[in-house]
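Visitor: I would like to learn how to read the features of a structure like this. Please take them one at a time.

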Amino acid sequence: MATKGNDVNVNDEVTSATTGPSEEDKQQAEVPQSQNTSRDAPEKIFNDPVHGHIKIPPLCVKIIDTPQFQRLRSIKQLGGTYFVYPGAAHNRFEHSLGVCYLAGQLASALKVRQPHLGISKEDILCVQIAGLCHDLGHGPFSRMFEDKFLPMVNRENDQNVTPEILAVRMFEHLVNKNKMKEEFDKYNLTVTDIDFIKEQIAGSPKTEEGEWSYKGRPKKKDFLYEEWPYKGRPKKKDFLYEIVANKRNGVDVDKWDYLARDCHMLGIKSNFDHTRCMEYAKVLTVKVKEDKEQQQLCFRKKEARNLYDMFYNWDTLKRRAYQHDVGEIIETMIADAMWEANKIIKITGTDGKRFEISRTVTHMEAYEKLNDSIIDIILLSEKEGLEKSKEILERVQKRELFTCVGEINDPKVINMTWEDYIKQAEKDYHGILVKKDSSWKLEDFFIHVIIADN
């Protein structure tokens, strides 16, 4: 059945075959238009291959139906892994829908199970929006862009670029460009609520200078706040910050969705059951210091084995897919091709200004146009200077790949930055290669750091 204009609610039951309007329809038609706001719109139902039929709130649907969010349809969830596993064709778009759904399910379950926590409908909606928008900042081929391409280019003016910070920037751009503030007002979401959403996406509070403090995997001491640093929600609701992105222990709905989705698409079996985990979730007051207590998202002791399976599946996916040698090589080649094309391919931003690929991260109007299609743009372009870039991408198509020439074990302690360590490692490893073949040059190979617990 084809429909136009109005959504069909699959829960509606057909009770009459008459063609004329019923008395109920007439009464609804008499409702003044000012009372018939989008807040009364029904939830939209998506048929998800992992979670089944899922309901998404109307405000989230408004966000979904924007160019900034639709961009995620063109960014592969697993980047270069798609060239290794043909089934890894899923994108950041469907993953974001799944996280939105699971975030709402968990927050709603806690509200019913523990009404004294004071979880409001605005809290749940904010958590859902954060889950929906947490991946807005990813570039072409997801982690390849920030882990391989950006380190290749000069970022002196914007050193602290992470997917989380880019996601916050894109969310702000989405809200402003589509005048979403008016829609937020209809659902009683204030400036404080928007701050709450951005804090969840960033995974950290802002510093006194107004910058996001997220700089990688936090340590235990990062959670022992002397003063509550967040603005979006008070300390008594600190557990809400652990639903979408739990920086404390990594048990969150983001991981629940991508483990289930990636295993499903890759054809790798998973023993972890996130629905069971959700049934046994509870907020408890935890003593983190002699004079400090925190409200933390906890799970019953009987769930220990299930959570073990979660981390085991995570490790399995890392070894077999996320950090697959061939996938890493292909991503390196794509990043190398983009680096060669960086100053030649320009992307239009605000007021017609054109930016290099690497500089789009500071201009969201241009960045929203950057996705996996960049490799097709390079291949089809007739601009001069792209010969080297095209050659590398054609090698990927022909499966004439770079070769892994060796591995370096991660040192336990280094007394320098990772950037300096890599530079030194490149010189050291170059010395080893030259002894075997004097034709090796420093620019003939790359060294990538793979962190086992990241």
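Visitor: Among contacts between residues at least 6 apart in sequence, what share joins residues at least 24 apart?
Guide: In this predicted model, the share is 68%. The protein holds 17 helices and six strands.

Visitor: What percentage of the residues is buried?
Guide: Of the 454 residues, 46% are buried. The accessible surface comes to about 25,200 Å², and carbon and sulfur atoms account for 48% of that surface.

Visitor: Which residues of helix 5 and helix 9 meet?
Guide: Helix 5 contributes Asp 123, Cys 126, Val 127, Ile 129, Ala 130 and Cys 133. On the side of helix 9 are Asp 193, Phe 196, Ile 197, Gln 200 and Ile 201. Sorted by class, this contact has eight nonpolar residues, one polar and two charged.

Visitor: What are the angle and the axis distance for helix 13 and helix 16?
Guide: The axes of helix 13 (residues 325-341) and helix 16 (residues 387-397) cross at roughly 160° and come within 8 Å. An angle over 145 degrees counts as roughly antiparallel, so that is how helix 13 lies relative to helix 16. Helix 13 passes helix 16 in a left-handed crossing.

Visitor: Which residues make the contact between helix 13 and helix 16?
Guide: From helix 13, the list includes Ile 330, Met 333, Ile 334 and Asp 336. Their counterparts in helix 16 include Lys 388, Ser 389, Ile 392 and Leu 393.

Visitor: Now a single residue. Is Asp 254 buried or exposed?
Guide: Asp 254, found in helix 10 (residues 253-266), has a relative accessibility of 17%. The cut-off for buried is under 20%, so Asp 254 counts as buried.

Visitor: Which residues is Asp 254 in contact with, leaving aside its neighbours within four places in sequence?
Guide: Asp 254 is in contact with His 95, Val 99, His 134 and Val 244. For a comparison of sequence and space, take Gly 131: Asp 254 and Gly 131 are 123 residues apart in sequence, but their C-alpha atoms are 7.4 Å apart.

Conventions
Residues are numbered from 1 along each chain as its sequence is written. This is a predicted model: local features need pLDDT of at least 70, side-chain atom pairs count only at pLDDT 80 or more; totals for chains, interfaces and linings use all residues. Side-chain values use heavy atoms; hydrogens and water are left out. Helices (H or I, at least four residues) and strands (E, at least two) are DSSP runs, numbered from the N terminus. Buried means under 20% relative accessible area, exposed over 50%, partly exposed in between (1.4 Å probe, protein chains only). Contact means heavy atoms within 4.5 Å. Accessible areas come from the Shrake-Rupley method with a 1.4 Å probe; for residues, only the protein chains shown count as cover. Ala, Val, Leu, Ile, Met, Phe, Trp, Tyr, Cys and Pro count as nonpolar, Asp, Glu, Lys and Arg as charged, and the others, Gly among them, as polar. Axes are lines fitted to C-alpha atoms, for helices over the stretch in contact, and angles run from 0 to 180 degrees between N-to-C directions. Angles under 35 degrees count as roughly parallel, over 145 as roughly antiparallel, 65 to 115 as roughly perpendicular and the rest as oblique. A crossing is left-handed if the near helix is turned anticlockwise from the far one by less than a right angle, and right-handed if clockwise.
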